[in-house]
Amino acid sequence: MITLVKAQVFINILSGLSFRSILKSLQVQPFIRLLAIIVFIISFSFFNFWPWYNHTVIVYQLTGLAFLFRYLIPKESKSSAFWLILSALFLFLSFFTKQDGGGLGLLICLALLLYQCILNKKYKAILIFTGSYIAIGALFIVPASAYNFGYWFNHGQPPHTSRLSVADFLAKLLGGSQWIKFYALLMVILLLPLFKNFKEALQNQRLVLFALLTFGILAEAAVFQFTSYTPPDNNIFYHSFAFAFIVTLLSELNIFAAYNFKHVTILAVLVALWWSEMFWKYIDRKVQLMVGNELTVSPTGENIVNEKTYIINTDTSRVNIPQAQWVQTDIPVFKKLTMPASAAEGLKRTINNPRITSKVANNRILNMTEFTPLGYIMGFQYERGSHYPLWNHLGVGMFNKQKDMFCQRISQKYYDVVLYEYIPVLNNFYPFEIRDSLKKNYELIDSFLAPRSPTYGYIEVYAKPQ
C-alpha cells in the first residue's frame with residue numbers, strides 16, 4: 001500500500017512539473033505561474049493519493065502537452081523532432097490508459113499543431129507527430145494482439161458499450177457545469193479587446209496557442225465528466241488552466257498585476273482559501289475528535305433540530321461509520337492505515353481462521369475484495385492468465401465470459417475459500433451473480449464491514465461445505 005502512495009507522490013510531482021513546463025513555454029509571468037501551480041496542487045494533486053487510471057490518463061496527457069509546447073514555442077534547435085516524438089509517446093500512453101481522456105487530449109494536440117502548421121505554412125510537424133503516434137501504438141498493440149487485446153481494450157465491439165450520449169452530455173453541460181461555462185464566458189469577454197483585428201490577432205502565436213489549449217481543456221472537462229463519472233470531480237484539472245489563462249489576460253489588458261512579494265503572498269493565501277474544501281476535510285476529522293459532534297439529544301429532553309438531525313435516516317441497511325471513528329490495526333501490511341473497527345477485527349479473524357489457513361497451501365483461495373494484500377499476508381498465490389480480469393467490476397473490468405467462469409468454478413466447489421465484497425449500492429462492482437452462486441454452493445462463515453467510505457459494503461467469507 002505504501003508503495004502505491006509513493007508511486008502517486010512521484011506521479012503528482014511529474015504532473016506538477018509538466019503543468020509548470022507548459023506555463024513556462026507559454027511565457028506566463030512567474031507570479032501567475034506560482035498562483036496557478038498552487039491551484040493545480042490543491043485542486044487536482046492533493047486528493048489523488050494512489051494511482052488510478054482516471055487520474056493517470058490526465059498525467060500522461062499533461063506530460064505529452066509539455067513536450068509538445070517545447071516544440072511549438074521553441075528556440076530553434078536540432079532537437080525539435082525529438083520533442084514531437086516524446087509528445088506522441090505520452091499522448092499515446094494517455095489514450096492507451098483510457099480512451100476518452102486520451103482521445104480528447106490527442107484532439108487538443110492536433111488542433112495546436114494544425115494552427116502552427118497553417119501559421120508557418122509547413123506541415124512536416126503534424127506528419128512527424130501522427131507518424132510517431134501510429135508507430136508507437138503499433139509497438140504496444142501488435143505484441144498484445146495475441147492475448148485478446150481487442151476484447152479487453154474497449155473499442156466499441158461486444159461485450160463493450162459506448163458511454164457517449166448527446167442527451168447525457170447536454171444534461172451535464174446545460175444542467176450543471178457552472179464553473180466550465182463561467183470560465184468560457186469570462187475568457188471570451190477578456191479576449192474580445194485583444195482580438196479587435198482578428199487576422200492580426202491570429203498572428204499572436206503565444207496567445208492563440210494558450211487560448212486553443214485552455215478552450216480545449218474546458219471542452220475535454222465537459223465531456224470527461226460524463227464519460228468518466230467517478231469520482232465526480234476527476235475533471236477538476238481544468239481550473240488550473242482556466243485560472244492561469246484568465247489572470248494572464250487580465251495582465252495583458254493591464255487590469256491586474258502583483259507588484260511585490262507581499263501581494264503574491266496575499267493572493268496565494270486567498271487561492272488556498274478558495275480551495276480550502278480540499279484540505280479541510282482532513283483537518284475536520286481532527287477537529288471533530290477534539291471538540292466532539294454536536295448534540296443530537298438534548299439533556300433537557302427537548303427535540304434538537306440542526307444540520308445533522310433534521311433528516312431522519314430510516315435506511316438501516318446503510319451503516320456509515322464516520323472516518324473520525326475508524327481505527328488502526330497492528331497487521332504490518334496495513335500499518336498506519338485506518339478502517340472501521342469491524343473491518344479490522346474481521347481481518348484478524350480471517351487471517352487466523354484455521355478453516356482458511358489450512359487451505360493456503362492448495363492455492364484455491366479466491367479473494368474478490370479490496371483487501372488485496374491478503375495474498376501476501378497469508379502466503380497464497382492469486383490466479384493469473386490472459387483470460388483473467390484485472391479487476392472485478394462487471395461491464396468495466398470483467399464481462400459475462402469471466403463472470404460465468406467464476407460461477408461455474410464455484411458450482412463445482414473449485415475453491416476452498418472465497419472472500420467476496422458485497423456492495424449493494426454499486427452496480428455489480430463485484431458481480432452479484434457470483435454472490436448468488438456462493439450462497440447456493442458455499443457456507444458463509446464470517447461477515448464484516450468493508451474498508452470503504454461510506455461504509456456501505458461488507459466482506460463475506462465463504463468456505464467449501466465440510
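Residues are classed here by relative accessible area, computed with a 1.4 Å probe on protein chains only: buried means under 20%, exposed over 50%, and partly exposed in between. The structure is a predicted model, in which local features need pLDDT of at least 70 and side-chain atom pairs count only at pLDDT 80 or more, whereas totals for chains, interfaces and linings use all residues. Residues are numbered from 1 along each chain as its sequence is written, and side-chain values use heavy atoms, with hydrogens and water left out.

Side chains of opposite charge can pair when their charged atoms come close. With a salt bridge taken as a side-chain nitrogen of Lys or Arg within 4 Å of a carboxyl oxygen of Asp or Glu, the structure holds 11 salt bridges. One of these joins the side chains of Arg349 and Asp446, with an N to O distance of 2.8 Å. This pair links distant parts of the chain, since Arg349 belongs to helix 15 (residues 341-352) and Asp446 to strand 5 (residues 443-449), 97 residues apart; helices (H or I, at least four residues) and strands (E, at least two) are DSSP runs, numbered from the N terminus. Asp446 counts as buried, at 15% relative accessibility, while Arg349, at 38%, counts as partly exposed.

A salt bridge also forms between Glu383 and Arg409, whose closest N and O atoms are 2.5 Å apart. Here too distant parts of the chain are linked, Glu383 lying in the loop between helix 17 (374-378) and helix 18 (400-411), and Arg409 in helix 18, 26 residues apart. Glu383 is partly exposed, with a relative accessible area of 21%, and Arg409 counts as buried at 19%.

Turning to the nonpolar residues, a core is a set of buried Ala, Val, Leu, Ile, Met, Phe, Trp, Tyr and Cys residues joined through side-chain atoms within 4.5 Å. The largest such core has 81 residues, and those with the most contacts inside it are Phe69, Leu112, Leu113 and Leu213. Its largest share, 11 residues, comes from helix 11 (residues 205-227). Leaving aside residues up to four places away in sequence, Leu213 touches Ile22, Leu26, Leu65, Phe69, Ile108, Leu112 and Phe241, contact meaning heavy atoms within 4.5 Å. A second, separate core of 20 residues includes Ile365, Phe371, Leu374 and Ile459.
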